[in-house]
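Open the model in your viewer and keep the selection panel at hand. The tour goes one selection at a time.

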Amino acid sequence: MNQHVPTDEREEQQQVRADDGYAQRERRFRQLYEEHYLHIQAYAVRRVDVRADVADVVAEVFTTAWRRLDDVPPAAEARLWLYGVARRVLAGHRRGKERFGRLIARIEASHVAAPQPALDGPDGRLTRALRQVPAAEREALMLVAWEQLSYAEAAQVLGCSPNAVGIRVHRARARVREAFGEPPPANPVRQTPMPAHTGGNHGR
Amino acid sequence: MDVDTLLRAHDPASRQPLPGPDSPEAISSYQQIIGSARPKRKAARIRIVVGVTSGAVAALAVGLTLSSLPGVTHPAGTAIGHPSSSASQPTASQPTAIAVLTAKQVLDTAATAALSHPGAAPRPDQFVYTKVGDGGHVAQTWLSVNGSRNGLAEAQGPNGTTTILGCVDGQHQIRTPGYNGKPYTGPANPKAPVPLDGPVVTEPCTPQPAFFPAMPTTASAMSAYLAKTQGVRLGDINDVAKVVGGIFQSDYLLPAQRAALYEFLATMPGLTLERNVKDVSGRPGIGVGWSFMGSSAVLIFDPRTYTLLGITTRGQQGQVGGDALLQMAITNQAGQQP
């Protein structure tokens with residue numbers, strides 16, 4: 001029993017245990033950081049307007065991961081978990097940016113169609129087309145096209161069903177095509193092959 | 001057209017190499033993340049208690065009476081006392097220097113001061129005039145009270161005057177980039193800014209009011225309100241302070257709403273008292289600060305009147321930013337001086 005251990009020794013034992021626990025946590029976190037840093041960074045680059053904000057977003061995602069390390073799932077699902085955190089961080093980042101620099105944000109909002117450092121070709125149509133897509137559909141499309149997630153994986157990030165992801169992606173693609181003046185494809189449901197492991201729209 | 005292929009061809013993340021986890025910035029960020037959580041070792045077994053008893057604290061506390069600060073009454077065009085550049089000049093009716101010991105006391109005092117201001121809700125068709133400075137430039141804005149009318153932003157420098165579009169029935173019209181009504185067709189990364197002189201298009205929008213009548217007037221109701229309307233993470237002092245700071249910066253608040261926000265903020269752990277600080281325009285004040293991700297921010301109050309002077313931020317490399325809040329008023333027209 002602890003009460004029979006001299007106070008100094010007991011505190012030293014507790015300190016050793018704390019150090020061991022910390023070292024284990026840090027090892028796991030370092031692995032997570034090294035494995036997923038580029039993915040989360042790319043996720044942020046694709047979604048923030050100001051490149052200088054990327055580092056803040058990435059740091060906040062991994063700070064959350066460090067604080068909630070016990071909640072981070074193992075292996076491949078960790079990346080999906082981090083994307084989910086990144087999504088919430090970005091939502092907060094946009095909100096905070098809007099509120100904290102609201103005057104500037106309102107001005108930026110008035111210039112919504114101004115050319116951003118373009119993500120697309122010569123006439124900026126893709127940029128404008130994506131802005132016309134509702135946020136939930138746009139995010140689903142981005143997760144599939146840019147993060148190259150299956151519908152089931154995107155569903156984990158978005159907290160919805162794989163079927164809902166499929167519908168959102170389909171609608172988003174249709175809206176982009178419409179913005180480019182193209183008719184809907186012959187097979188409107190699926191434009192690109194589903195990754196084999198997803199089990200289609202029903203996912204896992 | 002294969003939309004996914006098109007997107008991948010224009011992936012912003014593939015335009016230039018991204019720094020990896022072994023880059024200096026990534027390593028620095030990593031160290032900051034884990035550094036704050038290292039288990040603290042006892043430096044030595046010296047048991048010297050430094051502190052004062054609660055009785056001593058109570059004896060040091062100074063009673064406050066704030067009842068006659070410059071106030072707010074508006075018919076249109078009347079300046080509002082919070083915030084105001086003139087508030088930093090003490091008058092005979094203002095309280096003299098107040099001794100405070102904690103960040104909470106600063107905020108509680110600011111709440112008391114705010115309640116001493118008269119104030120009434122503006123009309124929906126009016127504008128909230130705000131004048132802010134960053135130490136070098138001054139910007140004026142007129143924001144529609146309910147977000148439905150076109151506002152105005154005037155800044156010194158090349159940006160000049162900008163219309164802030166009101167949102168009516170969920171839509172507004174914007175002029176897209178281009179020349180003489182024709183769309184811009186140049187390179188994706190133009191070397192010079194492209195004027196907003198292209199075709200006018202109608203876009204969906206959400207009104208951005210500058211006054212929120214439903215905002216609570218008690219601290220106890222504020223947390224639920226902020227969580228619901230702003231999605232504030234209540235356990236995250238940085239998130240809370242950023243959102244509250246943004247509200248102070250750009251929204252018109254009734255005195256009771258302002259007081260409730262101060263009192264709500266005072267309940268947050270992690271705030272620190274910052275003595276002898278200056279806002280970005282150089283006005284001295286007393287501050288309530290918080291740290292996040294190696295950076296810090298501070299709400300700065302006039303040390304006599306406890307009017308909010310501004311918000312100053314300090315980045316990881318020591319870079320200073322923020323705004324000094326110089327004046328707020330209600331006007332009938334965008335562009336009208338109060």
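Select residues 272-278 and 284-292 of chain B in this predicted model. These are strands β10 and β11, and they pair antiparallel over five bridges. Zoom in on Glu274(B): across from it, in β11(B), stands Gly287(B).

Now move to the turn. β10(B) and β11(B) make a hairpin, with five residues between the two strands. Pick Gly282(B) in that turn; its phi is positive, about 95 degrees.

Asn276(B) is not a glycine, yet its phi is positive, about 55 degrees. Is Asn276(B) buried or exposed? Asn276(B) counts as exposed, because it has 9 C-beta neighbours inside 10 Å and the cut-off for exposed is 12 or fewer.

Jump to Asn180(B). Asn180(B) sits in the loop between β7 (178-179) and β8 (182-183) of chain B. Here too a residue other than glycine has a positive phi, near 50 degrees. Asn180(B) is exposed, with 7 other C-beta atoms within 10 Å.

Chain B has 338 residues, of which 38% count as buried. Among contacts in chain B with a separation of 6 or more, 57% join residues 24 or more positions apart.

Terms used:
Residues numbered from 1 in each chain as written. Chains lettered and ligands numbered in written order. Predicted model: local features only at pLDDT ≥ 70, side-chain atom pairs only at ≥ 80, totals over all residues. Pairing = 2+ DSSP bridges. Helix = DSSP H or I, 4+ residues; strand = E, 2+ residues; numbered from the N terminus. Buried ≥ 20, exposed ≤ 12 C-beta atoms within 10 Å, placed from the backbone. Contact = placed C-beta atoms within 7 Å.
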